Amino acid sequence: MMLRYIFLIVAFIALMVMFSIGLRKDPSALPSPFIDKAAPAFELPDLEDPQKTVSRDDLLGKKTLVNVWATWCVGCREEHAYLMQLAQSGAIPIYGINWRDNRDDALRWLQQYGNPYVASGFDADARVGIDWGVYGAPETFLVDEQGVVLHKHLGPLDAVIWQRDFVPLLALVTGDES
Amino acid sequence: MRQALALVLLFWSLVAAGIDTEPAFEDEALQARYEKIIDEVRCLKCQNQTIKDSNAFLAADLRREIRGLLADGKSDEEVYDFLVERYGEFALYRPRLSGKTLILWLAPALLVLGGVFLLVRILRRRMSLPIDDEALELSTDDDAHAQG
(Lines give C-alpha, C1' and ligand atoms only; values in the text may rest on other atoms or scores of the structure.)
Protein backbone atom coordinates (compact mmCIF):
# COMPACT_ATOMS: atom_id res chain seq x y z
CA MET A 1 0.00 0.00 0.00
CA MET A 2 3.06 2.20 -0.26
CA LEU A 3 1.76 3.28 -3.65
CA ARG A 4 -1.37 4.78 -2.17
CA TYR A 5 0.63 7.04 0.15
CA ILE A 6 2.88 8.14 -2.65
CA PHE A 7 -0.18 9.00 -4.71
CA LEU A 8 -1.63 11.05 -1.85
CA ILE A 9 1.62 12.90 -1.28
CA VAL A 10 2.01 13.69 -4.95
CA ALA A 11 -1.59 14.90 -5.16
CA PHE A 12 -1.07 17.07 -2.08
CA ILE A 13 2.08 18.66 -3.47
CA ALA A 14 0.41 19.27 -6.82
CA LEU A 15 -2.46 21.04 -5.08
CA MET A 16 -0.07 23.16 -3.00
CA VAL A 17 1.82 24.22 -6.11
CA MET A 18 -1.45 25.10 -7.85
CA PHE A 19 -2.67 27.15 -4.91
CA SER A 20 0.62 28.92 -4.30
CA ILE A 21 0.64 30.10 -7.91
CA GLY A 22 -3.08 30.62 -8.40
CA LEU A 23 -3.86 32.44 -5.18
CA ARG A 24 -1.08 34.95 -5.65
CA LYS A 25 -2.32 36.11 -9.01
CA ASP A 26 -4.46 39.23 -9.20
CA PRO A 27 -7.82 38.03 -10.51
CA SER A 28 -8.72 41.51 -11.74
CA ALA A 29 -5.66 41.73 -14.00
CA LEU A 30 -6.72 40.39 -17.37
CA PRO A 31 -4.40 39.83 -20.31
CA SER A 32 -4.99 42.53 -22.88
CA PRO A 33 -5.88 41.18 -26.33
CA PHE A 34 -3.86 44.06 -27.81
CA ILE A 35 -0.40 42.92 -26.73
CA ASP A 36 1.83 42.71 -29.83
CA LYS A 37 -1.01 44.04 -31.95
CA ALA A 38 -1.55 47.47 -33.47
CA ALA A 39 -2.97 49.97 -31.00
CA PRO A 40 -6.56 50.86 -31.93
CA ALA A 41 -6.97 54.00 -34.00
CA PHE A 42 -8.49 56.97 -32.22
CA GLU A 43 -8.97 60.67 -32.58
CA LEU A 44 -9.99 62.74 -29.58
CA PRO A 45 -10.26 66.44 -28.90
CA ASP A 46 -7.28 67.72 -26.94
CA LEU A 47 -8.21 68.22 -23.30
CA GLU A 48 -6.52 71.57 -23.01
CA ASP A 49 -7.34 72.91 -26.47
CA PRO A 50 -10.53 71.41 -27.95
CA GLN A 51 -9.61 72.86 -31.36
CA LYS A 52 -6.71 70.44 -31.58
CA THR A 53 -6.92 66.67 -31.62
CA VAL A 54 -4.87 63.82 -30.20
CA SER A 55 -4.74 60.73 -32.37
CA ARG A 56 -2.90 57.48 -32.89
CA ASP A 57 -0.63 59.20 -35.43
CA ASP A 58 0.82 61.33 -32.62
CA LEU A 59 2.16 58.18 -30.99
CA LEU A 60 4.16 56.96 -33.97
CA GLY A 61 7.91 57.30 -34.46
CA LYS A 62 8.94 56.83 -30.85
CA LYS A 63 8.03 54.63 -27.91
CA THR A 64 5.28 56.22 -25.87
CA LEU A 65 3.16 55.59 -22.82
CA VAL A 66 -0.58 55.94 -23.11
CA ASN A 67 -2.03 56.51 -19.68
CA VAL A 68 -5.77 56.28 -19.05
CA TRP A 69 -6.71 58.60 -16.22
CA ALA A 70 -9.59 60.45 -14.59
CA THR A 71 -9.98 62.86 -11.72
CA TRP A 72 -12.41 60.54 -9.92
CA CYS A 73 -9.88 57.74 -9.99
CA VAL A 74 -8.00 57.19 -6.74
CA GLY A 75 -5.27 55.08 -8.32
CA CYS A 76 -4.56 57.91 -10.77
CA ARG A 77 -3.91 60.32 -7.94
CA GLU A 78 -1.64 57.71 -6.41
CA GLU A 79 0.52 57.28 -9.51
CA HIS A 80 0.52 60.93 -10.54
CA ALA A 81 3.70 61.90 -8.72
CA TYR A 82 5.52 59.05 -10.39
CA LEU A 83 4.22 60.03 -13.82
CA MET A 84 5.51 63.57 -13.20
CA GLN A 85 8.89 62.16 -12.28
CA LEU A 86 8.94 59.96 -15.36
CA ALA A 87 7.99 62.84 -17.64
CA GLN A 88 10.64 65.11 -16.14
CA SER A 89 13.32 62.46 -16.47
CA GLY A 90 12.65 62.45 -20.22
CA ALA A 91 12.53 58.64 -20.24
CA ILE A 92 9.47 58.51 -22.45
CA PRO A 93 6.73 60.83 -23.73
CA ILE A 94 3.41 60.20 -21.98
CA TYR A 95 0.07 60.71 -23.68
CA GLY A 96 -3.10 60.78 -21.61
CA ILE A 97 -6.59 59.58 -22.29
CA ASN A 98 -8.81 61.48 -19.93
CA TRP A 99 -11.54 58.89 -19.48
CA ARG A 100 -15.17 59.51 -18.49
CA ASP A 101 -14.28 62.79 -16.94
CA ASN A 102 -15.36 66.38 -16.74
CA ARG A 103 -13.20 68.88 -18.64
CA ASP A 104 -13.10 71.53 -15.90
CA ASP A 105 -12.19 68.99 -13.23
CA ALA A 106 -9.49 67.52 -15.42
CA LEU A 107 -7.93 70.91 -16.20
CA ARG A 108 -7.97 71.85 -12.53
CA TRP A 109 -6.27 68.55 -11.67
CA LEU A 110 -3.46 69.21 -14.16
CA GLN A 111 -3.02 72.73 -12.84
CA GLN A 112 -2.97 71.61 -9.25
CA TYR A 113 -0.82 68.49 -9.45
CA GLY A 114 1.18 69.19 -12.60
CA ASN A 115 0.84 67.92 -16.14
CA PRO A 116 3.01 64.94 -17.10
CA TYR A 117 1.32 64.54 -20.48
CA VAL A 118 2.53 65.69 -23.88
CA ALA A 119 -1.18 65.85 -24.60
CA SER A 120 -4.36 64.32 -23.24
CA GLY A 121 -7.30 63.25 -25.37
CA PHE A 122 -10.67 64.02 -23.84
CA ASP A 123 -12.77 60.85 -23.90
CA ALA A 124 -15.88 61.91 -22.03
CA ASP A 125 -18.20 59.20 -23.33
CA ALA A 126 -15.58 56.43 -23.09
CA ARG A 127 -15.82 55.36 -26.74
CA VAL A 128 -12.05 55.32 -27.18
CA GLY A 129 -11.76 53.66 -23.78
CA ILE A 130 -13.90 50.78 -25.03
CA ASP A 131 -11.89 50.51 -28.27
CA TRP A 132 -8.76 50.17 -26.15
CA GLY A 133 -10.37 47.58 -23.91
CA VAL A 134 -10.14 49.84 -20.86
CA TYR A 135 -12.09 48.59 -17.86
CA GLY A 136 -10.63 50.48 -14.94
CA ALA A 137 -8.38 53.50 -14.62
CA PRO A 138 -5.48 53.86 -14.26
CA GLU A 139 -4.29 51.74 -17.15
CA THR A 140 -0.97 52.31 -18.86
CA PHE A 141 -0.02 51.04 -22.32
CA LEU A 142 3.50 50.95 -23.74
CA VAL A 143 3.32 51.58 -27.48
CA ASP A 144 6.27 51.19 -29.82
CA GLU A 145 7.45 53.24 -32.83
CA GLN A 146 5.07 51.46 -35.22
CA GLY A 147 2.07 51.85 -32.95
CA VAL A 148 2.17 48.29 -31.64
CA VAL A 149 1.16 47.72 -28.02
CA LEU A 150 4.06 46.10 -26.15
CA HIS A 151 2.67 46.02 -22.64
CA LYS A 152 -0.30 47.01 -20.56
CA HIS A 153 -0.25 47.72 -16.86
CA LEU A 154 -3.40 47.80 -14.77
CA GLY A 155 -3.40 49.96 -11.65
CA PRO A 156 -1.06 52.66 -10.37
CA LEU A 157 2.41 52.78 -11.90
CA ASP A 158 5.46 53.12 -9.66
CA ALA A 159 9.24 52.89 -9.90
CA VAL A 160 9.36 49.18 -9.11
CA ILE A 161 6.81 48.24 -11.76
CA TRP A 162 8.43 50.60 -14.25
CA GLN A 163 11.84 49.01 -13.77
CA ARG A 164 10.52 45.47 -13.82
CA ASP A 165 7.91 45.51 -16.59
CA PHE A 166 8.64 48.51 -18.80
CA VAL A 167 12.37 49.18 -18.87
CA PRO A 168 13.29 45.80 -20.43
CA LEU A 169 10.85 46.50 -23.25
CA LEU A 170 12.23 49.98 -23.91
CA ALA A 171 15.49 48.52 -25.15
CA LEU A 172 13.61 46.35 -27.62
CA VAL A 173 14.33 47.25 -31.24
CA THR A 174 11.13 46.70 -33.16
CA GLY A 175 10.05 47.07 -36.75
CA ASP A 176 12.60 47.51 -39.51
CA GLU A 177 12.54 44.02 -40.95
CA SER A 178 15.46 44.99 -43.23
CA MET B 1 -50.23 43.50 5.98
CA ARG B 2 -51.01 45.87 3.13
CA GLN B 3 -48.39 48.23 4.39
CA ALA B 4 -45.80 45.49 4.41
CA LEU B 5 -46.77 44.51 0.89
CA ALA B 6 -46.52 48.11 -0.25
CA LEU B 7 -43.05 48.37 1.28
CA VAL B 8 -41.88 45.19 -0.42
CA LEU B 9 -43.21 46.41 -3.75
CA LEU B 10 -41.55 49.76 -3.26
CA PHE B 11 -38.12 48.25 -2.70
CA TRP B 12 -38.62 45.74 -5.46
CA SER B 13 -39.38 48.55 -7.87
CA LEU B 14 -36.12 50.23 -6.88
CA VAL B 15 -34.20 47.10 -7.73
CA ALA B 16 -36.03 46.66 -11.00
CA ALA B 17 -35.58 50.27 -12.07
CA GLY B 18 -31.97 50.61 -11.01
CA ILE B 19 -29.92 49.01 -13.72
CA ASP B 20 -30.83 49.48 -17.35
CA THR B 21 -32.44 52.88 -17.64
CA GLU B 22 -32.39 53.12 -21.42
CA PRO B 23 -35.73 52.84 -23.24
CA ALA B 24 -36.39 49.47 -24.84
CA PHE B 25 -36.09 48.90 -28.57
CA GLU B 26 -39.40 49.29 -30.35
CA ASP B 27 -38.75 46.10 -32.25
CA GLU B 28 -39.43 43.29 -29.78
CA ALA B 29 -37.18 40.79 -31.53
CA LEU B 30 -34.29 43.24 -31.31
CA GLN B 31 -35.00 43.88 -27.63
CA ALA B 32 -35.01 40.14 -26.97
CA ARG B 33 -31.62 39.76 -28.70
CA TYR B 34 -30.27 42.71 -26.76
CA GLU B 35 -31.37 41.23 -23.45
CA LYS B 36 -29.94 37.84 -24.32
CA ILE B 37 -26.57 39.36 -25.22
CA ILE B 38 -26.21 41.57 -22.17
CA ASP B 39 -27.01 38.54 -20.03
CA GLU B 40 -24.01 36.73 -21.53
CA VAL B 41 -21.40 39.45 -21.22
CA ARG B 42 -19.23 39.79 -18.16
CA CYS B 43 -18.77 43.16 -16.54
CA LEU B 44 -14.97 43.34 -16.44
CA LYS B 45 -15.03 45.79 -13.56
CA CYS B 46 -17.23 43.60 -11.38
CA GLN B 47 -16.28 40.21 -12.63
CA ASN B 48 -19.04 38.08 -11.21
CA GLN B 49 -21.83 40.11 -12.70
CA THR B 50 -23.17 40.30 -16.20
CA ILE B 51 -23.50 43.74 -17.72
CA LYS B 52 -27.24 43.23 -17.41
CA ASP B 53 -26.99 43.05 -13.63
CA SER B 54 -24.31 45.62 -13.05
CA ASN B 55 -24.70 49.33 -12.55
CA ALA B 56 -20.97 50.02 -12.97
CA PHE B 57 -19.93 52.71 -15.48
CA LEU B 58 -18.35 50.16 -17.69
CA ALA B 59 -21.46 48.00 -17.85
CA ALA B 60 -23.55 51.01 -18.85
CA ASP B 61 -21.00 51.96 -21.53
CA LEU B 62 -20.95 48.44 -22.90
CA ARG B 63 -24.74 48.25 -22.94
CA ARG B 64 -24.77 51.49 -24.88
CA GLU B 65 -22.26 50.14 -27.41
CA ILE B 66 -24.17 46.87 -27.83
CA ARG B 67 -27.41 48.77 -28.25
CA GLY B 68 -25.74 50.90 -30.92
CA LEU B 69 -24.32 47.91 -32.76
CA LEU B 70 -27.69 46.13 -32.77
CA ALA B 71 -29.44 49.28 -33.95
CA ASP B 72 -26.91 49.40 -36.82
CA GLY B 73 -28.10 45.94 -37.85
CA LYS B 74 -25.07 43.98 -36.65
CA SER B 75 -25.53 40.25 -35.98
CA ASP B 76 -25.12 38.69 -32.52
CA GLU B 77 -21.89 37.14 -33.71
CA GLU B 78 -20.52 40.54 -34.76
CA VAL B 79 -21.41 41.98 -31.37
CA TYR B 80 -19.54 39.17 -29.60
CA ASP B 81 -16.58 39.68 -31.94
CA PHE B 82 -16.55 43.38 -31.07
CA LEU B 83 -16.29 42.54 -27.37
CA VAL B 84 -13.74 39.75 -27.67
CA GLU B 85 -11.50 41.92 -29.86
CA ARG B 86 -11.34 44.51 -27.10
CA TYR B 87 -11.67 42.60 -23.86
CA GLY B 88 -10.70 39.05 -24.75
CA GLU B 89 -12.63 35.80 -24.49
CA PHE B 90 -13.03 36.40 -20.74
CA ALA B 91 -15.72 38.99 -21.48
CA LEU B 92 -18.11 36.25 -22.54
CA TYR B 93 -19.72 34.04 -19.91
CA ARG B 94 -20.00 31.37 -22.59
CA PRO B 95 -16.57 31.51 -24.23
CA ARG B 96 -16.49 30.32 -27.81
CA LEU B 97 -14.72 27.10 -28.71
CA SER B 98 -11.22 27.94 -29.89
CA GLY B 99 -7.65 26.81 -29.32
CA LYS B 100 -7.37 29.02 -26.26
CA THR B 101 -10.66 27.96 -24.67
CA LEU B 102 -10.54 24.27 -25.65
CA ILE B 103 -9.44 23.23 -22.16
CA LEU B 104 -12.47 24.97 -20.62
CA TRP B 105 -14.82 22.96 -22.79
CA LEU B 106 -13.03 19.63 -22.53
CA ALA B 107 -12.10 19.67 -18.84
CA PRO B 108 -15.53 18.62 -17.44
CA ALA B 109 -15.77 15.63 -19.81
CA LEU B 110 -12.18 14.63 -19.07
CA LEU B 111 -12.76 14.83 -15.32
CA VAL B 112 -15.89 12.68 -15.54
CA LEU B 113 -14.06 10.13 -17.68
CA GLY B 114 -11.20 10.09 -15.17
CA GLY B 115 -13.68 9.54 -12.33
CA VAL B 116 -15.40 6.66 -14.15
CA PHE B 117 -12.03 5.09 -14.88
CA LEU B 118 -11.02 5.22 -11.21
CA LEU B 119 -14.39 3.90 -10.08
CA VAL B 120 -14.20 0.93 -12.44
CA ARG B 121 -10.69 0.12 -11.30
CA ILE B 122 -11.62 0.24 -7.63
CA LEU B 123 -14.76 -1.86 -8.13
CA ARG B 124 -12.85 -4.44 -10.12
CA ARG B 125 -10.26 -4.72 -7.40
CA ARG B 126 -12.96 -5.15 -4.75
CA MET B 127 -14.72 -7.84 -6.75
CA SER B 128 -11.55 -9.81 -7.20
CA LEU B 129 -10.84 -9.92 -3.45
CA PRO B 130 -11.20 -13.53 -2.27
CA ILE B 131 -13.50 -13.10 0.75
CA ASP B 132 -15.08 -9.86 1.89
CA ASP B 133 -15.25 -8.83 5.51
CA GLU B 134 -18.99 -8.79 5.85
CA ALA B 135 -19.38 -12.42 4.83
CA LEU B 136 -16.64 -13.34 7.27
CA GLU B 137 -18.39 -11.56 10.10
CA LEU B 138 -21.74 -13.18 9.32
CA SER B 139 -20.26 -16.63 9.36
CA THR B 140 -18.62 -16.11 12.79
CA ASP B 141 -21.96 -14.75 14.04
CA ASP B 142 -23.64 -17.89 12.91
CA ASP B 143 -21.07 -19.90 14.75
CA ALA B 144 -21.83 -17.98 17.94
CA HIS B 145 -25.52 -18.71 17.55
CA ALA B 146 -24.89 -22.30 17.00
CA GLN B 147 -22.90 -22.53 20.15
CA GLY B 148 -25.45 -20.51 22.20
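**Stop 1: chain A as a whole**

Keep in mind that this is a predicted model. Chain A has 5 helices and 7 strands. Follow the chain from the N terminus, and the elements come in the order α-β-β-β-α-β-α-β-α-β-β-α. The radius of gyration of chain A is 20 Å, well over the 16 Å given by the globule rule for 178 residues, so chain A is more spread out than a compact globule. Of the 178 residues, 33% count as buried. Now consider contacts in chain A between residues at least 6 apart in sequence: 73% of them join residues at least 24 apart.

**Stop 2: the sheet of chain A**

Select strands S3 to S7 of chain A. In what order do the 5 strands of this open sheet lie? The order is S5-S4-S3-S6-S7, and the pairing is mixed. Strands of a sheet pair through backbone hydrogen bonds, either parallel or antiparallel. At the edges are strand S5 (119-123) and strand S7 (149-154) of chain A, each of which pairs on one side only.

Strand S6 (residues 139-143) of chain A and S7(A) run antiparallel, and 5 bridges join them. Show the side chain of Leu142(A); opposite Leu142(A), in S7(A), stands His151(A).

**Stop 3**

The peptide bond from Ala137(A) to Pro138(A) is cis, with omega near -5°. Pro138(A) has its place in the loop between helix H4 (127-131) and S6 of chain A.

Next, select Ala126(A). Ala126(A) is in the loop between S5 and H4 of chain A. Its phi is positive, about 65°, although Ala126(A) is not a glycine. Is Ala126(A) buried or exposed? Ala126(A) is buried, because 23 other C-beta atoms lie within 10 Å and the cut-off for buried is 20 or more.

Then go to Asp36(A), in the loop between helix H1 (2-22) and strand S1 (43-45) of chain A. Here too phi is positive in a residue other than glycine, near 65°. Asp36(A) has 11 other C-beta atoms within 10 Å. A residue with 12 or fewer counts as exposed, so Asp36(A) is exposed.

**Stop 4: a loop residue in chain B**

Switch to chain B and select Ala56(B). Ala56(B) has its place in the loop between helix H2 (28-38) and H3 of chain B. With 17 C-beta neighbours inside 10 Å, Ala56(B) counts as partly exposed. Which residues is Ala56(B) in contact with, leaving aside neighbours within four places in sequence? They are Cys43(B), Lys45(B) and Cys46(B). Draw a distance from Ala56(B) to Cys43(B): the two are 13 residues apart along the chain, and their C-alpha atoms are separated by 8.0 Å.

**Stop 5: helix packing in chain B**

Select H2(B) and H3(B). They pack at an angle of about 145°, with their axes 11 Å apart. The crossing is right-handed. Show these side chains:

- From H2(B): Leu30(B), Arg33(B), Tyr34(B), Ile37(B) and Ile38(B).
- From H3(B): Arg63(B), Ile66(B), Arg67(B) and Leu70(B).

By class, this contact of H2(B) with H3(B) has 6 nonpolar, no polar and 3 charged residues.

H3(B) and H4(B) pack at an angle of about 145°, with their axes 10 Å apart. Their crossing is right-handed. Show the residues that make the contact:

- From H3(B): Ile66(B), Leu69(B) and Leu70(B).
- From H4(B): Glu78(B), Val79(B) and Phe82(B).

The contact of H3(B) with H4(B) divides into 5 nonpolar, no polar and 1 charged residues.

**Stop 6: where the chains touch**

Show both chains. Here 12 residues of chain B are in contact with 11 residues of chain A. Colour helix H3 (57-71) and helix H4 (76-87) of chain B: these are the elements that give two or more residues to the side of chain B that touches chain A. H3(B) gives the most to that side, with 4 residues. Finally, colour this side of chain B by class: its residues divide into 5 nonpolar, 2 polar and 5 charged.

Key:
Residues numbered from 1 in each chain as written. Chains lettered and ligands numbered in written order. Predicted model: local features only at pLDDT ≥ 70, side-chain atom pairs only at ≥ 80, totals over all residues. Contact = placed C-beta atoms within 7 Å. Nonpolar A, V, L, I, M, F, W, Y, C, P; charged D, E, K, R; others polar. Pairing = 2+ DSSP bridges. Rg over C-alpha atoms; globule rule 2.2 N^0.38 Å. Axes fitted to C-alpha atoms, helices over the stretch in contact; angles between N-to-C directions. Left-handed = near helix turned anticlockwise from the far one by under 90°.
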